[in-house]
Amino acid sequence: MTPSPLHVVVLAGGRGVRMGTTRPKVLLPLAGIPLLDWVFRSVAAVEPDLTTVVLGYSAENVATVLGTRDVRVLTKTPVLGPVHALTALLEDRASGEDGTVLVFPADVPMLGPETLKALVAHRTGTNAALTMVAASAERPYGLMRVLRNEAGDVVGLACEKDASRQQRAIRECTSGVFACTPAALREGLATFSWDNVERERTLSELVAALRRLGHDVDTITARVPHEIRGINSQTELAEASAMMRQAKCEELMSAGVTIIDPATTYVGPDVEVGHDTVLHPNVYLEGRTKIGAACEIHAGCRLVDATLDDHVVVLNYCVVTDSHVHAYAQLGPFAHIRPGSDVGEDARVGNYVELKKTRLGRKSKASHLTYLGDATIGEDVNVGAGVITCNYDGTHKHPTVIGDGAFIGSDSQLVAPVSIGRGAFVAAGSSITQDVPDESLGIARSRQLNKDGWAKRRRTGE
């Protein structure tokens, strides 16, 4: 039997006035990822034949986030609620008349793939024209209540502002995710008139229209109640983010990661952490960060798109971005590893050291107060305190190369482009502007002159 086609419609046109921001609500981050991205992650699980995104407010900005996704974009402005957004489909026949249309408001980001799969399966196996995702909410405020008759059939929905006191006591709610037949959707939308109408039209009115037309409406129950929560305020966004972070921490802890204080540990959904790794409080792991086994990340560290191999120690208050740290290396405290850097096995990057597009070789160390930019540093190199690679001439960046076993004395400046040979020494306080050959000493500083008795004469005026 050929499966019926599935058309997913993502509603991403609302402004979200209650969020108090001019930014489109669907672009606001939930646990580090825009709300709209969370929806696409869930939608991918049901493998739709066609995905349409209906845009409205700030459509150009939202469209840039869609990237290379295989989606069709329709625009409706202004958007007067979800029903009005769906009228963009009335003039569009791409979805045909067969199969299922799954409507997914982009401000319902926590609906999981398993619940979506259950919704699609139920819709294809029922005679109901429309099936909603519902759940028994602990705090139903702001959600649409599901109204049933004595036989348990769905007879309508009640919005918060229109609900009676008795209806507000109902805990079974929905936040607007539903599946229906294309024909029923078109038939229901055709009952609305938009002449001189400024108020929003909600799912409750669409359900009422279908019921008047003689169609049945039913529900499935979400896998967990909080899946149906919509995001309509900054408070709800923060609460949802906390729930997502907690779920991620629980996932990691069940896989053998020690998290000292999950309440203050922020781990993004795409982060990977190996077993026996310890995460201290106030650690932030973001983007595509991947951490190996038996690492230890101390308090206050932030890692974004970073890769750490096994047994890496990151001491307090380090920032690592888009860089690779090899096994047994140690960073910090207060180290800044900027994009494009590579810290070798068993290397040491100490306090107040900054790396940018720099490769620090195996067992090399830069212990404190140093800037190394656009540099390639070999193995077993010692970089003293206060060393700077002067890589920028005001127009272009230039490389510095330091060979294996070299020793760079404290407070030296290496003016790029320049090379320090294998096993070479640079005397402390030098400004090196020329290459230093292998096994040589580079020294570039003024000769010291001592004037006997000068300090005494200055004090006494003699």
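How many helices and strands does the protein have? The protein has 9 helices and 39 strands, counted as DSSP runs numbered from the N terminus, with helices being H or I of at least four residues and strands E of at least two. The radius of gyration is 31 Å, well over the 23 Å that the globule rule gives for 462 residues, so the protein is more spread out than a compact globule. That radius is taken over C-alpha atoms, and the rule is 2.2 Å times the number of residues to the power 0.38.

This is a predicted model, in which local features need pLDDT of at least 70, side-chain atom pairs count only at pLDDT 80 or more, and totals for chains, interfaces and linings use all residues. Residues are numbered from 1 along each chain as its sequence is written, and side-chain values use heavy atoms, with hydrogens and water left out.

**Overall dimensions and burial**
- Along the principal axes, the C-alpha atoms fill a box of roughly 105 × 60 × 45 Å.
- Of the 462 residues, 48% count as buried, meaning under 20% relative accessible area with a 1.4 Å probe and protein chains only; exposed is over 50%, and partly exposed lies in between.

**Contacts**
- Among contacts (heavy atoms within 4.5 Å) between residues at least 6 apart in sequence, 40% join residues at least 24 apart.

**Residue K117**
- K117 belongs to helix 4, which covers residues 113-124.
- With a relative accessible area of 39%, K117 is partly exposed.
- Beyond its neighbours within four places in sequence, K117 is in contact with A45 and V46.
- K117 and V46 are 71 residues apart in sequence, while their C-alpha atoms are 5.8 Å apart in space.
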